[in-house]
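This briefing is meant for a reader meeting the structure for the first time. It begins with a single residue and then turns to cores, helix packing and confidence.

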Amino acid sequence: MEKMLSLIVPVFNEEEVLEVSFKRMDEVMRKIGYPYEIIYVNDGSRDGSMGILRKIAKENPQVKVRSFSRNFGHQLAVTCGMDAAKGDALIIIDVDLQDPPEVIIEMVKAWENGADIAYGKRVKRQGETLFKKITAAGYYRLLKSMSATAIPLDTGDFRLIDRKVADVFLKMREHNRFLRGMSGWMGFEAVPVEFVRNERFAGKTKYTLKKMIRLAMDGIIGFSDRPLTLCGGMGVFTCGIAGLGLLALIVLAICGVHFPAWLWGLDGLVLLNGLTFLFLSIQGAYMNRMYDELKGRPLYIVAEELNLQ
């Protein structure tokens with residue numbers, strides 16, 4: 001039986017780029033030659049995105065749409081698309097055309113040659129601010145140094161995954177999802193496909209600084225226990241400094257240098273409070289994720305579906 005491809009495209013307030021994006025993606029998928037479906041997941045858009053998706057789905061039976069009741073976030077939108085996908089290989093791509101759809105052709109070739117995962121590796125970023133480039137580069141290197149799971153540098157969620165990889169993904173139902181970390185954790189054969197990341201075609205990025213920080217936290221806390229060990233090391237280091245300070249105060253006292261007695265108590269109190277707040281914040285981050293999982297709520301809520309059986 002001929003193999004099938006599923007293209008998964010999360011959408012959040014993208015009315016300015018949707019139609020142009022669809023034409024480019026559809027053209028690429030036709031060129032590849034396999035039967036295919038394009039699954040859009042409307043992540044609670046508040047603009048005219050859903051109206052455009054209804055029009056595209058009505059005119060193109062290969063297009064399927066799932067629409068959330070509210071905004072659940074990019075990672076859960078991708079998960080929702082994976083839940084509906086029927087392809088032998090699933091391709092994840094953003095709608096804004098920063099990741100060129102034409103790169104999908106190279107990913108499919110890598111898959112045909114035996115790769116379980118073909119991920120897009122950015123060799124250059126066009127149209128991004130210096131702040132964005134510096135923070136992105138720093139984050140990926142920090143994550144690589146802290147994570148016990150191998151996560152390639154300068155990669156996003158733009159990738160192709162084989163059906164057997166997708167089936168493992170769908171067994172992992174944690175709420176705080178970091179898909180590229182989950183992909184690395186599985187250990188399947190993965191090959192890079194290098195490309196130049198384009199400037200956004202239209203509109204503004206929907207990944208605010210707050211969302212980027214949240215994703216960074218999910219990546220670090222979800223795939224590394226290093227923050228806990230770092231805090232332990234920091235505690236040892238701080239206690240060592242405090243010990244040296246205590247020794248210095250003792251020497252000064254022996255040498256007859258007078259200083260206020262309350263400095264002993266103040267120094268100890270500040271040190272104790274600092275360590276307490278530090279450890280509480282780290283424990284709280286892990287406990288919050290445990291609480292999210294224990295609630296047992298669905299990952300997302302679908303309010304409308306188009307062209308899905």
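Ile-93 is buried, with a relative accessible area of 1%, and this residue belongs to the loop that runs between strand 4 and helix 4. The model is a predicted one, with a mean pLDDT of 81 for the protein, and 70% of its residues reach a value of 70 or more.

- Once its neighbours within four places in sequence are set aside, Ile-93 is in contact with Leu-7, Ile-8, Val-9, Pro-10, Met-25, Asp-99, Pro-100, Pro-101, Ile-104 and Phe-158.
- Although Ile-93 and Pro-10 are 83 residues apart along the chain, their C-alpha atoms are separated by 7.7 Å.
- Ala-77, which lies in helix 3 (residues 74–84), is buried as well, with a relative accessible area of 0%.
- Leaving aside neighbours within four places in sequence, the contacts of Ala-77 are Pro-10, Val-41, Asp-43 and Phe-68.
- Between Ala-77 and Asn-42 there are 7.5 Å from C-alpha to C-alpha, while in sequence the two are 35 residues apart.

**Nonpolar cores**

- The largest nonpolar core has 40 residues, and those that touch the most other members are Leu-5, Leu-7, Tyr-40 and Ile-104.

**Packing of helix 1**

- Helix 1 (residues 18–32) packs with helix 4 (residues 103–112) at an angle of about 35°, their axes being 9 Å apart, and the crossing is right-handed.
- On the side of helix 1 this contact is made by Val-28, Met-29, Lys-31 and Ile-32, and on the side of helix 4 by Ile-104, Ile-105 and Val-108.
- Sorted by class, the residues of the contact of helix 1 with helix 4 are six nonpolar, no polar and one charged.
- The axes of helix 1 and helix 2 (residues 49–59) come within 10 Å and cross at roughly 35°, and here too helix 1 passes its partner, helix 2, in a right-handed crossing.
- Leu-18, Glu-19 and Phe-22 of helix 1 make this contact together with Ser-49, Ile-52, Leu-53, Lys-55 and Ile-56 of helix 2.
- The contact of helix 1 with helix 2 divides into five nonpolar, one polar and two charged residues.

**Helix 7**

- Helix 7 (residues 179–186) is mostly covered, since six of its eight residues are buried, and these are Leu-179, Arg-180, Gly-181, Met-182, Ser-183 and Met-186.
- Just after helix 7 comes Gly-187, which takes a positive phi of about 85°.

**Confidence along the model**

- Where is confidence lowest and where is it highest in the protein? The lowest mean, 61, belongs to helix 8 (residues 209–222), and the highest, 98, to strand 4 (residues 89–92).
- Where pLDDT is low, the predicted coordinates should not be read in detail.

Conventions. Residues are numbered from 1 along each chain as its sequence is written. This is a predicted model: local features need pLDDT of at least 70, side-chain atom pairs count only at pLDDT 80 or more; totals for chains, interfaces and linings use all residues. Side-chain values use heavy atoms; hydrogens and water are left out. A nonpolar core is a set of buried Ala, Val, Leu, Ile, Met, Phe, Trp, Tyr and Cys residues joined through side-chain atoms within 4.5 Å. Buried means under 20% relative accessible area, exposed over 50%, partly exposed in between (1.4 Å probe, protein chains only). Axes are lines fitted to C-alpha atoms, for helices over the stretch in contact, and angles run from 0 to 180 degrees between N-to-C directions. Helices (H or I, at least four residues) and strands (E, at least two) are DSSP runs, numbered from the N terminus. A crossing is left-handed if the near helix is turned anticlockwise from the far one by less than a right angle, and right-handed if clockwise. Contact means heavy atoms within 4.5 Å. Ala, Val, Leu, Ile, Met, Phe, Trp, Tyr, Cys and Pro count as nonpolar, Asp, Glu, Lys and Arg as charged, and the others, Gly among them, as polar. pLDDT is the predictor's confidence in each residue, from 0 to 100.
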